[in-house]
Amino acid sequence: MRVVKKIIIFIFELGLAGLAAWLLFNLALVFGHQILDQPSLVGNDSDFALSLVSWFGRWWPRIPLWFPLQGAGVSMFHSYPMLNTFLIIWLEKITSYSGVEIFRLVSFMVFPLTAFGIYVLARRKIGNSVAAFFAGVFFLLSQASWVFQRLHGIAAQSFSLIFVPWSFLFFDIFLVRRATGKGRAWLTRLAMILAVLATTLCFLAHVVTGTVVAMSLVAYTVVYWQLKSPFRAGFKKRFGYLFRSLFWSLFVVGLGFSLGAFWLIPFFSYNRLANREGLLNMGMSQLREVSLLPQTLLGFGNFRTGDLRYDYFFFALPVIILAAIGLTTSLFRKKSVFAWSAVGFGMALFTALPLYLAPLVALFKYIFTAVYFRALTVTIILLPVSAGFGAFFLVDLPFWAAGLLRKRRNTSKVSADFALKVKGKSGGKNISGERQSFSREVARTAFDLFRWLVASVGVLVVSLFFINRFEHRPPDESTRAHPAYGIEAFKAYGPSLGEDVKVLRQDWSLLWRKREIKISSEGPRPAPSLSGFIKDFSLDRTSRVDVSAYSGEGFLQRAPLVTEATFVNLYHYFASLIHRMWGYQQGVFYGHEGLYDNPELLRDLSYWFGIKYTTLVPGFDREENFLKVGWEMVKPRGPNNPLPVYHFPEAEGLLTVSERPAALVIGDFGKEAYDHVFRSGNAGAFSYHDLWLVEGGAYVDDYSLRELEDFDLLILHGYRYHDKSNAWATIDRFVRGGGRLFVDTGWQYLCPDWGSKNGGGVVLREPAPVMETTWGEISPQWDSLEISPLLGSFETREFKPFLWEGSSWGAAIAKESDLSERAEALIKDKKGIVLARREVGSGRIVWSGLNLFSHAQGAEGEKEIELIRAIFDWLNEGKRKDYGGVTWQRDFPDELTATFSEAAEEQWFLWREAFTPKWFAYIKTPADKQLKELKIYRGGPGFVLIRLPPVGAGDVLKLEYRLGWFEGGFAWVISGLTALFLVGYLLIGGRVETKVDGGFGKKLGQRWEKVSKSIARKEEEDY
């Protein structure tokens, strides 16, 4: 009879689960059918997500790591969540559906699958199928659940929701069994392994989701174990519970990460490189802007109507009310539900912390930058569970109260007794024994089902009524134009379920009747101006183009669908490897700040980036600047062409090989030392055609003489060294051997040779033009300075004064008597020499104590740039000839082959894609049996620059993007070892734990006993 009862109960529960899945699917279809059948794709970012499906599907089954189409080249594979993308590609290959149709179907199925996962989680925690069904419904009824997909179109973020409930479910099973002394059981180990797998999938689906899940698991275990400990537990027991909670949660999270290490380690490595400027870390003002106000999040209060606010997340009012009831009552009824509820509410509050606890947030700014409002992912899952328990409590309240009155702890007996009284006696005979027990079980189940079904109808009707009448709606001006989104309007708020509720009220049968599902095959339509742009100018993989930041029209989202032309601009801006230079270029091309109001900057950057075409937006962009520096309008604005196209006839494309001189800039990247030099060059100090700049490190003595000899010129600006003697000895040999050097010691506190705080002098080393300097203030006006005729004639009254925030400008100053042999003073102040030059051996050197590159920055520094140019005209004498005998081909994004058709001496090979240490270059001659590896530098605005040896006709240069040994090999080893550990743990983990507990664990326990007694004695001492 017991076996029969278990089978019947299992079939019954299975039937309820199937019914719940069907109803949840139909309810999701009512609210989300637009994802399937709406002609245009739902969500702002969906077009780009689908373009990646097209891009990676083009190369399948090979996976390109490099994405050359935008941002001057990025690794989209290691900067964008890929699990959803490759699932769609795989399904497209094995089915007859198109990628668009599968994209739509997967995007929709996220919601019924997540709702069902919440149902299973709630069924486990609440113990009632109908209450669990409520939880799944509450997920679908809340607008916040739909925002990631229906507003943002962040397909990967939405897709990751599927795995979150299962991660929580399996971890909860594992933790509870651990807490109840079943830690060595086979089912406990299986639950832990499934929790690890689900957590790994969360990470692979979206790294932020994996991060917030990891945070939630740690928080849940801490709360759960502390609730489980006795109220009057002492220090030892409390500490023990806390230690266990942290150990097991971090154990599962760590295994989840290491199982996915094959992708996660390269992902974090790449993002660390992409964020080397720190520009992806939000400031406190930005964090406050993306924070969620609790009153709007919880469904009351007014929306903020400022630009680009994030108030479009909110939950249905009945869900909030029931969740609050569930949070309160679960503390007394079911502590594990309370722990999950507390985590859900806590994550909601996490999104608002920058508004209220700014000092605390500032300490963990990196975490808040990575997570910000996406912490709501956890709340979206757990709040419905809490609301389901709240509904369960309300429905069960009369029977729970009756049970208390009758002093019965098991309230379900009340309903069973009531059901038997209603049923009476069977055939006039008393029901007794096992048959009576079974009948009581059937009667109790039938009655519970009846009362829950009646209650569910009431809860659902009330919930829909509240949503229809009192839903927190966005303001009327939620759709508006905004300059950051160009000529298109930006919808600032998410979808409202009110209209869908009205449809449901008109036809309730939509919840259960079978309907034909229509999946639109219509994908993104490239804007007419984009299609015409590509067609009219025959854009292909050799074309470097750009688009105005104000152009809108989905240019960058849809471009990978229709062209292989490479864009400087980038839609997925987090992936950029040249953030600072990219922002600088965008400012020069399309900005309106006075800092960029210099056509010379536009001309020089056009050469550096190799841009052939760009689109401009009349009324936003300064078209006259382009015309001044040689750009031509080739496609005027017309009725069917809202955006004029401009052409730069002298564009050099993606590749330039040249003999022109190159300068290594050694300076502190964090202080933007290289940027100062590069921008001064753009402004006219030394143009693209005069000198190619190479970004070096901060320390002079990190370079050997052999490495320095690759360069014609060395620029020390904001430099450092480990050992002064060795650094200057290397510099001396470089200059005497024919090298050119510019060194500026005028950067106070940063340059090690700037001076000293106590006014003492600094002794410079050979080959410096001056032997010793002291720090002091110089005359604020250039008219008070004496400029040598060796530099030319200058109108110094037009120079920017030597001031810093209203104070005098400091400088390193040398006495006349400190001039080195054969040195010449170029600029003097009444206190001494501040600029000098010298010829040493066959080389030349200029020393400055003025911090010229920094001082010349800004709109008023144009005349000072002329002075810097005069300095470098003497230093920089070299060849300018370009080499045209090279052709290139690219059959796969990660590989490039360049073939030389004629002989040439040593030259520089500039490939205008972003530098990364993952690029490797090799040269091969017809006579060579093996490839010879060449060093790659970061040149210009951050591109690949290679010093070529002498080449002959038929020589081949190969450029290859690949992961290093750690990301490409060791990361896979970590994942493999983790998988083996999990299999071994499942099979023999119980025996190992038994031995550990009996041996090492016993000794550790004895030692802990001594430590705890010692701590207890100290606690009892009276201080």
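This is a predicted model: local features need pLDDT of at least 70, side-chain atom pairs count only at pLDDT 80 or more; totals for chains, interfaces and linings use all residues.
Q: What percentage of the residues count as buried?
A: A residue is called buried when its relative accessible area is under 20%. By that cut-off, 57% of the 1023 residues in the protein chain are buried.

Q: How many helices and strands are there in the protein chain?
A: The protein chain has 35 helices and 30 strands. Among contacts with a separation of 6 or more, 75% are between residues 24 or more positions apart.

Q: Where is Arg991, and is Arg991 buried or exposed?
A: Over 50% relative accessible area is the cut-off for exposed. Arg991 belongs to helix H34 (residues 965–998), and Arg991 counts as exposed because its relative accessibility is 61%.

Q: Which residues make the nonpolar surface patch of about 820 Å²?
A: The patch is made by Phe268, Tyr356, Leu357, Leu360, Leu363, Phe364, Tyr366 and Ile367. Helix H18 (358–363) and helix H19 (365–371) are the elements that give two or more residues to it. Tyr356 is found in helix H17 (residues 353–356); with 51% relative accessibility, Tyr356 counts as exposed.

Q: In what order do the five strands of the open sheet with mixed pairing stand?
A: The order is S4-S3-S5-S7-S6. S4 and strand S6 (632–635) are at the edges with a single partner strand each, so one side of each has no neighbour in the sheet. Met633 has Tyr646 in S7 as its bridge partner.

Q: Is Thr566 buried or exposed, and in which strand does Thr566 lie?
A: Thr566 lies in strand S4 (residues 566–567). Its relative accessible area is 2%, and therefore Thr566 is buried. Its side chain joins that of Arg544 in a polar contact of 2.9 Å. Beyond its neighbours within four places in sequence, Thr566 is in contact with residues including Pro68, Leu69, Val545 and Leu654.

Q: How many residues of strand S20 are buried?
A: In a regular strand, side chains alternate between the two faces of the sheet. Strand S20 (residues 832–840) is mostly covered, with eight of its nine residues buried.

Q: How many bridges join S20 to S19, and how many to S21?
A: Strand S19 (residues 823–829) pairs with S20 in the antiparallel sense over six bridges, and a hairpin through two residues joins S19 to S20. Ala825 has Ala836 in S20 as its bridge partner. Six bridges also join S20 to strand S21 (residues 843–848), again antiparallel. There, Arg838 is partnered by Ile845 in S21. The hairpin of S20 and S21 has two residues between the strands, and Gly841 takes a positive phi near 60° in it.

Technical notes:
Residues are numbered from 1 along each chain as its sequence is written. Side-chain values use heavy atoms; hydrogens and water are left out. Patches are made of residues with over 30% relative accessible area and no salt bridge: like charges are joined within 9 Å, nonpolar side chains (Val, Leu, Ile, Met, Phe, Trp, Tyr) within 5 Å. Accessible areas come from the Shrake-Rupley method with a 1.4 Å probe; for residues, only the protein chains shown count as cover. A salt bridge is a side-chain nitrogen of Lys or Arg within 4 Å of a carboxyl oxygen of Asp or Glu. Helices (H or I, at least four residues) and strands (E, at least two) are DSSP runs, numbered from the N terminus. Buried means under 20% relative accessible area, exposed over 50%, partly exposed in between (1.4 Å probe, protein chains only). A polar contact is a pair of N or O atoms within 3.5 Å; within protein, one must be able to donate a hydrogen and the other to accept it, and residues adjacent in sequence count only if both atoms are side-chain atoms. Contact means heavy atoms within 4.5 Å. Two strands pair if DSSP finds at least two bridges between them.
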